Amino acid sequence: MFKFNFGDNIDEKEETPSSKVTTHVWLKSEQIEPATENDAILKDIISNCEENTFQYKSQVLKYFSTVDILNILRTSDECSLKNNLSVLDADNDHSDLQTAIYEGGLKIWECTYDLLQYIVNNNLNLKNKQTLDLGCGSGLIGILSLVENASFCTFQDYNAEILKYITIPNVILNNDAYLNKSNFYSGDWNSFVDLINHDNEEKKFDYIFTSETIYNIDCYEKLHEVFQKLLKKDGEIYLAAKSYYFGVGGGITSFKEFMEQKKIFQYKTCWTSSDGLKREILKISFS
Ligand SMILES: C[S@@+](CC[C@H](N)C(=O)[O-])C[C@H]1O[C@@H](n2cnc3c(N)ncnc32)[C@H](O)[C@@H]1O
């Protein structure tokens, strides 16, 4: 076994003659405080980026153009910003995912729209509920929960830059008062769960929403732990994903098998796509 002594946040893979050793150093989770109104980049985003809308039935959610946000980051006078942003590197490389470096939060993935429509169509009652938008990217699902009067929403994304320059501006765009009912965490699920681990049942989540987060089988264990440690006893998880992620290996089928082996949760397929690559929404609760 090939090992570095870096601590818990490292994936180690056995070296075989036919496989290269892949060692991923996962970023530690941190709470991200929203910038103040005077922050130059935030001001620039809010004043100059094009607004898009997602409209479904009576709900209208707004989000800023990612292309415009990236242009602002690229031309920012703050050199340190230009040199250090993994989201800019990923965009320059036309890369959707770079394991443990950039996990895909820049674009809005298809299953986000499935889950938004599912929540609206099924009148999920989120009033006074505590919600977690896990792997939030744009944050549209968490924002919908706030529009639907959730009492509090936690937004989590692996990349702090996504939270600072995409999720938080989108929350502000919809209603800046929502910042009083939200918090934001970056970093790996392993350390996220330790950082916000709530022994107190009252502080756990009534609903965990997560879209397109099961593409990497190596992350199933820590994702499952987030579910297990942060969901209220009678809480519900809605997980939206593709049946199979070509080129990466994970997907709904293998995640169902993983849950069956663990025997902690029960699940029900509550929606399946009728077009294109098969997509599903699972409703998951404690067995
Ligand atoms: C493909 S993106 C999906 C973004 C968004 N949910 C959507 O549907 O548009 C996957 C998300 O999962 C999160 N993620 C994946 N692996 C993670 C890990 N090991 N720790 C923390 N977050 C992770 C990333 O933050 C990323 O935003």
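A: **The ligand site and the sheet**

A backbone N or O atom of Gly-135 lies 2.6 Å from a nitrogen atom of the ligand. The model is predicted, so local features are reported at pLDDT of at least 70 and side-chain atom pairs at pLDDT 80 or more, while totals for chains, interfaces and linings use all residues. Residues are numbered from 1 along each chain as its sequence is written, and side-chain values use heavy atoms, with hydrogens and water left out.

A polar side-chain atom of Asp-157 is 2.6 Å from an oxygen atom of the ligand, and a side-chain N or O atom of Thr-112 is 2.7 Å from a ligand oxygen. In total, 22 residues surround the ligand, the closest being Thr-112, Gly-135, Asp-157, Tyr-158 and Ser-211. A residue is counted here if one of its heavy atoms lies within 4 Å of the molecule.

Helices (H or I, at least four residues) and strands (E, at least two) are DSSP runs, numbered from the N terminus, and two strands pair if DSSP finds at least two bridges between them. The open sheet has 8 strands in the order β3-β8-β7-β6-β9-β10-β12-β11, and its pairing is mixed. At its edges stand β3 (30-31) and β11 (265-272), each with a single partner strand, so one side of each has no neighbour in the sheet.

Helix α5 (residues 110-121) packs on this sheet and touches β9, β10 (231-242), β11 and β12 (279-286). Contact here means heavy atoms within 4.5 Å. The direction of α5 makes about 130 degrees with that of β10; axes are lines fitted to C-alpha atoms, for helices over the stretch in contact, and angles run from 0 to 180 degrees between N-to-C directions.

Strands of a sheet pair through backbone hydrogen bonds, either parallel or antiparallel.

Burial is judged by relative accessible area: buried means under 20%, exposed over 50%, and partly exposed in between, with a 1.4 Å probe and protein chains only. In β9, 7 of the 7 residues are buried, so the strand is largely enclosed by the rest of the structure. In β10 the count is 10 of the 12, so this strand is likewise largely enclosed.

Helix α8 (residues 189-196) has Trp-189, Ser-191, Phe-192, Val-193 and Ile-196 as its buried residues. Their cover includes β6, β7 (152-156), β8 (182-186), β9 and α9 (220-230).

In strand β12 lies Ser-285, which is buried at a relative accessible area of 19%. Leaving aside residues up to four places away in sequence, Ser-285 touches Gly-235, Phe-265 and Gln-266.

Cysteines complete the picture of this part. A disulfide is taken as a pair of cysteine sulfur atoms within 2.5 Å, and by this rule the count is 0. Cys-111 is in no disulfide, the nearest cysteine sulfur, that of Cys-270, being 12 Å away. Cys-111 is buried, with a relative accessible area of 0%. For Cys-219, the closest cysteine sulfur is in Cys-136, at 16 Å, too far for a bond; Cys-219 is also buried, at 7%.

Most residues other than glycine have a negative phi. Lys-263, in the loop between α10 (252-262) and β11, instead has a positive phi near 60 degrees. At 65% relative accessibility, Lys-263 counts as exposed.

Methods. Polar contact = N/O pair within 3.5 Å; in protein donor to acceptor, adjacent residues only side chain to side chain.
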